[in-house]
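Subject: Structure handover

Hi,

Here is the structure I promised you. Please open it first, then read my notes below.

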Amino acid sequence: MDALQYDVSLKPYNTLAIDVKAKYFVSAQSLIQIQQALAFAQAQGIPFFLLGGGSNLVLTQDIPYLVLHIATKGIQVLSEDQQHVTLEVQAGENWHAFVQWSLAQGWSGLENLSLIPGTVGAAPVQNIGAYGVEVKDYLDSLTALDTQTGEVLDFSNAKCQFSYRESYFKQHLGRYLILSVRFRLNKQAKLHLEYGPIRQQLAEEGIAEPTPQQVAAVVCTIRQSKLPNPAELANTGSFFKNPLVSTAQVQRLKQAYPDLISYNLSNEQAKLAAGWLIEKAGWKGYRQGDAGVHAKQALVLVNYGNASGKDILQLAQKIQQTIRDKFQVSLEIEPNRL
Ligand SMILES: Cc1cc2nc3c(=O)[nH]c(=O)nc-3n(C[C@H](O)[C@H](O)[C@H](O)COP(=O)(O)OP(=O)(O)OC[C@H]3O[C@@H](n4cnc5c(N)ncnc54)[C@H](O)[C@@H]3O)c2cc1C
């Protein structure tokens, strides 16, 4: 097949800039190329790995099989009325570019999710979220290829089984290849301004009644001030999920740490800020070789140059151990490891 490449370095294909090689590599721009690549893997009797923008990955070794990079493009309006528009977006579209484009059309909903790296097809995999919005809130349905049976299946929002950084697809990683995602966006804006930093930044800029595009711009400003740009300092965003704990445990921890950051999710369950725990344990700005904890945001692990995936994971394990010892809290790694 034409698109097949051999021994391709994945360094430019992952935001943590880990230099491992894929024995076989296909960047697929159409459904036919996707199907040909999967048929090749089947004929060779080798596994395959689905790659989007590589912004939620830790690669730990050369991949002796097929990496299938999803690069399909296209956006189509399926239907619209006075209130809503429904769009179908191909999996390989860049997420942030799509969000910006939708806002420029006057369609809102995704503004809080501006500047999240990666592709549209990977967004449902971990139900991306930021500033009080998750992709599930505006996702109508999606189409996925069952890589075991070759069937093309539709998944309603409910069938995707979304929860915090989770979905049916993350539970069955590699089985379902998301081909396209349908979004239902608003024509009349319903803004989500409940997150303090957004309100604060709007106030600083003297904006009392923001448009969705202004909210998007503010989100970009906040993110740029907090998170390193992977093009300048390689990273994979938040390295750990914010841990869910009982409210009873929060009360116990608050006695020892009155400044503990927590958000109550119900009477019984609360979410802790993983970044706060890591910072409190003294890791912020730590560096070991080329693997480090970002100096401005302790939740982000960075590669200063030539760290391997194993170096990054070793650092992550040390952090997990200290958090367990100090707070009796388990931190779960967010990115996918390969
Ligand atoms: C600086 C930075 C900031 C970030 N901020 C956030 C944030 O605020 N909120 C948030 O939720 N995440 C955030 N992330 C994580 C990341 O951007 C998201 O998880 C994103 O959706 C990953 O997309 P990707 O295309 O890069 O996926 P990849 O890293 O390429 O893949 C991720 C997983 O999805 C699978 N996959 C990829 N494409 C498909 C497909 N078409 N079908 C099925 N499976 C597929 C892969 O096999 C892999 O298991 C951040 C990352 C960085 C680097």
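Predicted model: local features only at pLDDT ≥ 70, side-chain atom pairs only at ≥ 80, totals over all residues.

Two residues are in contact when they have heavy atoms within 4.5 Å of each other.

Start with α4 (residues 196-204) and α5 (residues 212-226). Which residues meet there? From α4 come P197, I198, Q201 and L202. From α5 come V218, V219, T221 and I222. Six of the residues in this contact are nonpolar, two are polar and none is charged.

Two packed helices are described by the angle between their axes and by the distance between those axes. Here the angle is about 105 degrees, and the axes lie 10 Å apart. Angles of 65 to 115 degrees count as roughly perpendicular. So α4 and α5 are roughly perpendicular to each other.

**The ligand**

Now go to the ligand. How many residues surround the ligand? The count is 35, and the closest are L50, G52, G53, S55 and T119. By class, this shell holds 18 nonpolar, 15 polar and two charged residues.

Next, look at the ligand's oxygen atoms.

- S55: an N or O atom of the side chain is 2.6 Å from a ligand oxygen.
- N56: a polar backbone atom is 2.8 Å from a ligand oxygen.
- Q126: an N or O atom of the side chain is 2.9 Å from a ligand oxygen.

The elements that give two or more residues to the shell are β3 (48-51), β8 (129-130), β12 (176-186) and β13 (234-238).

Best wishes

Notes. Residues numbered from 1 in each chain as written. Heavy atoms only, no water. Near = heavy atom within 4 Å. Polar contact = N/O pair within 3.5 Å; in protein donor to acceptor, adjacent residues only side chain to side chain. Helix = DSSP H or I, 4+ residues; strand = E, 2+ residues; numbered from the N terminus. Nonpolar A, V, L, I, M, F, W, Y, C, P; charged D, E, K, R; others polar. Axes fitted to C-alpha atoms, helices over the stretch in contact; angles between N-to-C directions. Parallel < 35°, antiparallel > 145°, perpendicular 65-115°, else oblique.
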